[in-house]
Amino acid sequence: MSSSQDDQANLPREVTIKEENYILRTLDSEKEIESWSHFCASCFATKKPTPPPPSHFSSHYYLDPDRDHNLILVLLANGNVDDDNEMGDKNVIVSTVRIFKRVISPGNLSAGGIGEVCTSPEYRRRGLIKVLMDEADRIMRCEERMDVSLLHASPVFFPVYEKFGYECVTSHWSVVELNYKKLLMAVISDGFCVRPVRASDFEVLKSIHERQSEGVYAGCVVRSLEYWKEYIGNGGMDVFVLEVYGAVRGWISLRNRPNGRYQLRDFAVDCDIPTITGGDGVAVHVSTMNGILALLSGVLKKEKIEQLEQENDKVELHLPTIILERVKNDEQNDAIFYWESVKEENDLGWMYKNLSGKEKTDMTNITATMPHLIWPADSF
């Protein structure tokens, strides 16, 4: 899991940035994760109205089956390379960047995700992130031999990451209104059952994901069984599966947004076997439409949307446009989906950098002919 000591021989080292001295290094061990998590939380506390707590960053690390403390870069102020490098009053973290090891489609490209990018408020606008990003680039290219690097950024930071060689790609998303009351009252097909995910489901979900997402979308994270069990299964996401006559045929995870909006955080319905016959001889048709209706109805019945006003019987669903098109093409159901309400709401925030220089790893070219999608469940 960890890079060799020889690979990291040039770290720690002293760097001078605008006439101020810092130590550039990686975390020495996982014993430093707690202190690093508190640092990240303190930085984001100045950026967001409801900032994530330190436990968010530590769990984000420990649930990752490909975690590596040697891929967490930090800059420390007021120390020198001869010190014991413990995070105390003398050597304090003032900036950090983490590299996430991932494999993405198409062709199982090795990828370095950039995340947890933050700097202490009093040290911002001094060029610290540039030093960390340059070192991250060197590690991804020379030590990890990665094909591509990717990150997700807000539009205000696009110019910053473009200077580091990253380019934006478009993930096509849409918003559609649904009749909430009719959705809850929808008659679900015989043989359909919606229930919370179990550990025994993950092998089937992995197989469906390979066919329905990894084989369809550029940039999609390739999920190992360990990744399913640890990162998806234990990551605090409510995952519900769709059973059809006892066989798992799909799943859903929703992110609750304000004002009656839901985002499709993770989803698939296996339509490769469109008809299943139960023990009573009754054949059931499985489609994206009846699969997503069953899953939405099953999940929302459990949740209830208390913030909706009584006279407002609509909810909004934010989902990948390609999924919406499949739903619409399967069979029209105007009683639940308000098709006239559909509007485009794309995600422009994913950015890529071609580390290998090869055409097959140039995501801007790949996404010109292949739809791009990274499920929010895989965000870092």
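**Getting to know this predicted model**

Tutor: Let's start at Val 156, which counts as exposed because its relative accessibility is 61% (exposed is over 50%, buried under 20%, partly exposed in between, with a 1.4 Å probe and protein chains only). By the way, this is a predicted model, where local features need pLDDT of at least 70, side-chain atom pairs count only at pLDDT 80 or more, and totals for chains, interfaces and linings use all residues. Residues are numbered from 1 along each chain as its sequence is written, and side-chain values use heavy atoms, with hydrogens and water left out.

Student: Where does Val 156 sit?

Tutor: Look at strand E6 (148–152) and helix H4 (158–163); helices (H or I, at least four residues) and strands (E, at least two) are DSSP runs, numbered from the N terminus. Val 156 is in the loop between E6 and H4.

Student: Is Met 289 buried or exposed?

Tutor: Met 289 belongs to helix H8 (residues 288–303). Its relative accessibility is 1%, so Met 289 counts as buried.

Student: How many Å apart in space are Met 289 and Asp 330, C-alpha to C-alpha?

Tutor: Along the sequence, 41 residues separate Met 289 and Asp 330. In space, though, their C-alpha atoms are 6.0 Å apart.

Student: Where does H6 bend?

Tutor: Helix H6 (residues 202–214) spans only 16 Å between its end C-alpha atoms, while a straight helix of 13 residues would span 18 Å (1.5 Å times one less than the number of residues). The bend, the angle between axes fitted to the seven residues ending at a residue and the seven starting there, is about 25 degrees, and it falls at Ile 208.
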